[in-house]
Amino acid sequence: MPNDILATFTVRRLTILNENGNVDDALMPVLSETEIRRMYELMILTRTFDERAQALQREGRLGTYPSTLGQEAAQIGSALALHHSDWVFPSFREMGVQLTLGYPIHRLLQYWSGDERGQVSPENFNIFPMCLSVGTHIPHAVGAAMAARYRRDPVVVVAYFGDGATSKGDFHEGFNLAGVFRLPVVFICQNNQWAISVPLKGQTASASLAQKAIGFGFEGVQVDGNDVFAVHRAATEAIEKARSGGGATFIECLTYRMADHTTADDASRYRSPDDVAIWRAKDPIMRLERFMDLRGMLKDGYVEQTKTFATSTIDEAVRTMEAIPPPLTAEMFDHTCAVLNPRQVRQREGG
Amino acid sequence: MTSTSEMTYRDALNMALREEMSRDPSVVVWGEDVALYEGAFKVTRGLLAEFGEERIKDTPISENTIVGVAVGAAMGGLRPVAELMTVNFALLAMDQIVNHMAKIRSMFGGQTFLPMVVRMPGGGGSQLAAQHSQSLESYFMHCPGLHIAYPSTPADAKGLLKSAIRDNNPVIFLEHELLYNSTGEVPNDPEFLVPFGQANVIRSGTDVTIVAYARMTILALQAAADLEKEGISCEIVDLRTFSPLDTETIIESARKTGRAVVVEECWRTAGLGGDIAHRIHEACFDTLLAPVKRVAGLDVPMPYSRKIEKICIPRAETIADAVREVVSRKY
Ligand SMILES: Cc1ncc(C[n+]2csc(CCOP(=O)(O)OP(=O)(O)O)c2C)c(N)n1
Ligand SMILES: [Mg+2]
């Protein structure tokens, strides 16, 4: 028949934890109380880091800074599904991922203070430098997955990016190649619904971002990005699938950018406070707190202790960061290339 | 007497866009965050309100395609003015710029014009680190087929952008991020145009010619003021456009002074200053009193740290030092 249906597709959306703190038991991942506390503590740490970073920026002690506010569940829920040896290619708004993986906090602050030495990953961390060009690291992640596959190294590669990055050729070309070669890569998009002043509908006419994966021959799933359990479940499944040879997955975490694009922006010029208020009521930390409260996990001043501990951890990191001497002029040449040419040698010496 | 108003470089660009859009309904403006947000540097302020959504459009984050659709639309009868958020993202559009925008007219045997402009803010000094602080003018100048402007003053910003929009050639229009707030007198005349290919001798002098452009011109003026106190008289040639390049004005000045310093913000190695210095050497070899000296950016990725970033970009002091060197040279 000339008019047969060739294929039909479905796109899943996963939610486990609702705004009242109740979970769908059938979907709830198996997590110990300790693991759940760890999720909560990391989300608080991330938010505390974020508040402090914004305050430091206002005081002129940090440069322009992009807030992670509201995106804690998407970041912590997914990063906790990684093995320490897995490779992570972040964009510029994944401080929650870096904190979860144990990246030194003072180095994150050092980077945002305007010092790229903060990007030097400590030994045994497979976290790549933040990518400030939108979406251009997606091919890098795909290439790293090709290398891992070739070396028979059972790592999974995860790339984080925003909704705006899905308009880039890098996204489409990287996804396509990951599909063709069935690579061990997981793409995690934090769809915070804004790319500076452009809302999602200015970026795509597609009903979801998740469904874009279908065209490349692998699965895409949308999860409630403010539901740490849903994110964690989807990420764990995708990562284990990739590790066992099942190829790529695309996870769209539907969330919201609660703050301005960066400290250099004023979002009130282009979006209504009512929209922001709707999303404030879906706050990821509040949801987890309600869940924990229903299970009696917040007793004995736990919330206050967690916050106090986070604050003192960040205080300590700020002190360490501010004690780092500024880079020397010659240092900027040192890593320009493995061997400097004679002209660069003269320039390094000030000649 | 033509009337002028004092305004910023930003407002002068805005005035040019506004006037050309009013004059010619085929002029449209597209780019990332150019509509409601009014551009990353607010150059498109007020245009959405005045000209509406059909003419001022926010695009998705797709630089290669932003330039590509401008190429298509220019062939389709519009005069698109595309904005790339910064020059750094033009690297993502290099195929469209170099392989298409610059070549289509030639490949079609002149059958089609490409009346389009790609505007892009750039330059270093804003502490934006290696990937967001670049000066890529030499990359564009290297490619035949493109017209390229880089204004240093608000008046030139207006006059050159208007010429660029009216030009039937594809134009790369560079704007310096640190000049947006600089002010100057700008003619109010909606027919005020600054032609491409005419450098501007913005200071006349007798001892040395400083060839500069955009922010480097401002630094050269500061250096010249200091050098004057030492009895060194500098003539400054502001290039205004790299293509066409006004070689005649450069050479005429270098012949007169017998010495030249070429200042460029981009990396020294294979930078446009080398080409300009060579043109001077070739044309003025017999009359030069010293080899032409170049002042350029250091050959490193721009550091993030404010303290060392400064060292990577020419400063008034480094320009003055270069001038002192060529002036004191004995033969
Ligand atoms: C290739 C490129 N184009 C433009 C920019 C300027 N820019 C920086 S962030 C941004 C928006 C990114 O939006 P999204 O991908 O949704 O990430 P979010 O900021 O929401 O985390 C833009 C356009 C850039 N950094 N890189
Ligand atoms: Mg976004």
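Tutor: Here is a short chat about this model. It is a predicted model, where local features need pLDDT of at least 70, side-chain atom pairs count only at pLDDT 80 or more, and totals for chains, interfaces and linings use all residues. Residues are numbered from 1 along each chain as its sequence is written, while chains are lettered from A and ligands numbered from 1 in the order in which they are written.

Student: How many helices and strands does chain B have?

Tutor: Chain B has 12 helices and 14 strands. Both are DSSP runs numbered from the N terminus: helices are H or I with at least four residues, strands are E with at least two.

Student: Why is chain B said to be as compact as a globular protein of that length?

Tutor: Its radius of gyration is 20 Å, close to the 20 Å that the globule rule gives for 331 residues, so chain B is as compact as a globular protein of that length. The radius is taken over C-alpha atoms, and the rule is 2.2 Å times the number of residues to the power 0.38.

Student: And what does the C-alpha trace of chain B span along its principal axes?

Tutor: About 65 × 45 × 45 Å.

Student: What percentage of chain B counts as buried?

Tutor: Of its 331 residues, 57%. Buried means 20 or more other C-beta atoms within 10 Å of the residue's own; exposed means 12 or fewer, and partly exposed is in between, with C-beta atoms placed from the backbone.

Student: Take B:His100. Buried or exposed?

Tutor: B:His100 is buried, because 20 other C-beta atoms lie within 10 Å. It sits in helix H4 of chain B, residues 94–101.

Student: Which residues does B:His100 touch?

Tutor: B:Gly68 and B:Val71, leaving out residues up to four places away in sequence. Contact means C-beta atoms, placed from the backbone, within 7 Å.

Student: New topic. How many residues does each chain bring to the contact?

Tutor: Chain A brings 28 residues and chain B brings 24. On the chain A side, the largest share, 3 residues, comes from H12(A).

Student: Where does ligand 1 lie?

Tutor: Between chains A and B.

Student: Which residues come nearest to ligand 1?

Tutor: Of the 21 around ligand 1, A:Val134, A:Gly162, A:Asp163, A:Gly164 and A:Ala195 come nearest. A residue is near a molecule or strand if its C-beta atom, placed from the backbone, lies within 6 Å of it.

Notes. Two residues are in contact if their C-beta atoms, placed from the backbone, lie within 7 Å.
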